[in-house]
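Here is a short tour of a structure for you to follow on screen. Keep the sequence and the 3D view side by side as you read.

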Amino acid sequence: MSDYNFAYLDEDTKRMIRRAILKGIAVPGYQVPFASREMPMPYGWGTGGVQVTAATLVPEDVLKVIDQGADDTTNAVSIRKFFQKTAAVAVTERTREATVIQTRHRVPEMPLTQDQILVYQVPIPEPMRFLEPRETETRRIHALADYGLMQVRLYEDIARHGEIATSYAYPVEVAGRYVMDPSPIPKFDNPKLDDCPAIQLFGAGREQRIYALPPFTRVRSLDFDDHPFVASKADHACAICGSTTSYLDEVITDDAGGRMFVCSDTDYCAEMAEGGA
Amino acid sequence: MDMAGASGGGIWGNQEAEARPLLSVRGVEKRYGTRIGCTGVSFDLWPGEVLGIVGESGSGKSTLLGCLSGQLRPDSGQVIFDTRDHGPIDTLSMSEAERRHLGRTDWAFVHQNPRDGLRLGVSAGGNVGERLMANGARHYGNIRATAADWLERVEIDPTRIDDRPRQFSGGMQQRLQIARNLVSGPRLAFMDEPTGGLDVSVQARLLDLLRGLVRDIGLSVVLVTHDLAVVRLLADRLMVMKGGHVIEAGLTDQVLDDPQHAYTQLLVSSVLQV
């Protein structure tokens with residue numbers, strides 16, 4: 001190891017973040033303010049998620065980091081290296097082997113278990129940011145559960161596009177109370193949040209907010225009676241593993257219109273290709 | 001009325017309910033430091049009645065309206081509203097959640113500038129539907145049908161339901177604001193200079209529309225304006241304010257035709273004749 005304190009942050013900071021996490025778990029979906037620290041990476045790269053992960057890690061943990069479902073993209077590789085260097089924890093690319101998973105924009109395809117913690121990187125924690133510019137007012141809306149405005153956003157979608165066109169960061173209602181931004185995961189992943197056995201933690205570094213879903217929390221995607229929520233994905237099978245149930249990325253292969261659809265979850269895809277399918 | 005054959009209690013109970021003012025204001029005072037915003041204001045507003053409040057700029061009209069509608073907190077006094085479920089309640093003692101609930105169901109607030117009362121980034125249909133959705137409507141088709149119906153009632157072409165208010169003229173924006181407020185079937189509307197900033201022909205149409213709506217749905221209105229022609233047309237009763245005090249009150253025609261207070265006489269005689 002090195003001269004770093006375990007997992008980079010000092011113990012007082014980790015205690016402060018743990019308090020925010022516990023409060024978030026006690027009030028599911030409520031955005032808890034916390035004193036976000038400068039991290040050795042730019043805002044937008046997951047400074048919130050990294051701080052939450054740092055505060056949750058113990059030396060016995062096995063860490064997995066994914067970015068858009070992939071383990072080998074820049075963001076995922078840098079954060080994984082960061083914790084290897086500062087916390088010397090074991091790392092893995094296997095979802096089932098990991099105890100802490102930090103993610104950007106995806107929920108793993110493999111069902112999570114009670115022994116796991118899923119940490120989301122959140123750019124904008126406030127689901128009403130672009131509807132109501134005043135933060136004082138959005139806080140009041142949350143406090144009074146006065147969520148008509150959220151529904152207006154979906155109404156506008158249908159009026160303009162004929163259907164609810166929001167395809168990521170799709171707003172959810174948590175435990176019948178708070179409306180929450182699930183971070184920019186595709187709405188395909190929204191049902192995975194519901195009744196999930198793992199603890200789900202959301203960290204927004206720049207915005208200095210932490211919120212959480214305790215295990216087995218009811219998470220409902222907002223919708224209309226006559227325009228119900230649909231967890232959509234590309235209507236293809238994965239070109240590598242052949243899975244028809246996982247979320248797909250579209251990959252452009254040449255400049256003549258050639259393209260292929262492959263699983264966005266690389267670990268799941270590899271496992272399926274090896275013989276799971 | 002023949003009371004003899006009736007079983008007394010029920011009839012009397014009903015009569016009492018009908019004979020109750022919708023809004024009772026008692027001794028409302030608001031100060032800004034040592035300056036008086038408004039003071040000693042008391043009145044009763046009855047169901048279906050339109051009360052005009054006139055006065056020059058700075059006379060405390062808007063402060064009073066803010067106090068009544070819960071946007072400002074008066075320093076003293078009571079604002080008692082006859083709620084649907086629980087009868088008369090002092091709105092100042094309500095929790096903010098209850099006041100907001102009232103604000104999106106039984107109350108309406110029409111701002112002078114429609115930009116203050118509309119969401120400019122949201123389509124006309126969304127603007128009208130917001131109250132419905134805030135009150136729990138979750139059926140897109142029904143919300144849209146209601147919105148289209150209300151656009152028609154305020155004389156906006158329903159084919160413009162998906163246009164943004166930004167693309168509307170000033171008069172249309174004001175009518176849209178009215179539709180957005182009345183869609184929940186409120187019983188009390190606060191209006192702050194609803195015709196201010198509109199040209200005279202548009203004003204006339206808006207007044208005509210307002211008068212029709214008020215009669216149709218039996219709305220009670222507290223109407224703040226400096227335009228005496230507007231109150232002459234719309235208001236049943238009139239209060240004249242100056243320096244934060246109510247200096248004269250009475251039936252509209254009475255006050256305008258036979259003003260008693262020197263200031264009211266000045267106000268009435270200041271109107272330009274065409």
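## A helix in chain A

Please keep in mind that this is a predicted model. Just after helix 3 of chain A comes Ala88(A), with a positive phi of about 55 degrees.

Which residues of helix 3 of chain A are buried? They are Asn75(A), Ala76(A), Ile79(A), Arg80(A), Phe82(A), Phe83(A), Thr86(A) and Ala87(A). These residues lie on the same side of helix 3 of chain A because they cover an arc of only 155 degrees around the axis.

## What the two faces meet

What do the buried residues of helix 3 of chain A pack against? Their partners in chain A are helix 2 (47-56), strand 2 (62-67), strand 3 (90-91), strand 4 (100-104) and strand 5 (117-121).

Now turn the view around. On the face of helix 3 of chain A turned away from its buried side, you will find the exposed residues Thr74(A), Lys81(A) and Lys85(A).

Glu93(A) sits in the loop between strand 3 and strand 4 of chain A, while Arg80(A) lies in helix 3 of chain A, so the pair ties together parts that are 13 residues apart in sequence.

Are the two partners buried or exposed? Arg80(A) has a relative accessible area of 10%, so this residue counts as buried. Glu93(A), at 43%, is partly exposed.

## Chain B as a whole

Chain B holds eleven helices and ten strands. Along the principal axes, the C-alpha atoms of chain B fill a box of roughly 60 × 50 × 45 Å. For 274 residues, a compact globule would have a radius of gyration near 19 Å, and the 20 Å of chain B agrees with that.

How much of chain B is buried? Of its 274 residues, 49% count as buried. The accessible surface of chain B comes to about 12500 Å², and carbon and sulfur atoms account for 49% of that surface. Among contacts in chain B between residues at least 6 apart in sequence, 65% join residues at least 24 apart.

Over all chains, the count comes to 40 salt bridges. One of them joins the side chains of Arg259(A) and Glu250(A), at 2.8 Å from N to O. Here Arg259(A) is partly exposed at 48% relative accessibility, and Glu250(A) is partly exposed with a relative accessible area of 44%.

Another salt bridge joins Arg206(A) and Glu207(A), at 4.0 Å from N to O. Arg206(A) is partly exposed, with a relative accessible area of 46%, and Glu207(A) counts as partly exposed at 21%.

Finally, which residues are linked in a network of salt bridges? They are Glu137(A), Arg140(A), Asp146(A), Glu96(B), Arg100(B) and Arg104(B).

Definitions and conventions:
Residues are numbered from 1 along each chain as its sequence is written. Chains are lettered from A and ligands numbered from 1 in the order in which they are written. This is a predicted model: local features need pLDDT of at least 70, side-chain atom pairs count only at pLDDT 80 or more; totals for chains, interfaces and linings use all residues. Side-chain values use heavy atoms; hydrogens and water are left out. Buried means under 20% relative accessible area, exposed over 50%, partly exposed in between (1.4 Å probe, protein chains only). Helices (H or I, at least four residues) and strands (E, at least two) are DSSP runs, numbered from the N terminus. The arc is that of the directions from the helix axis to the C-beta atoms. Contact means heavy atoms within 4.5 Å. The radius of gyration is taken over C-alpha atoms; the globule rule is 2.2 Å times the number of residues to the power 0.38. Accessible areas come from the Shrake-Rupley method with a 1.4 Å probe; for residues, only the protein chains shown count as cover.
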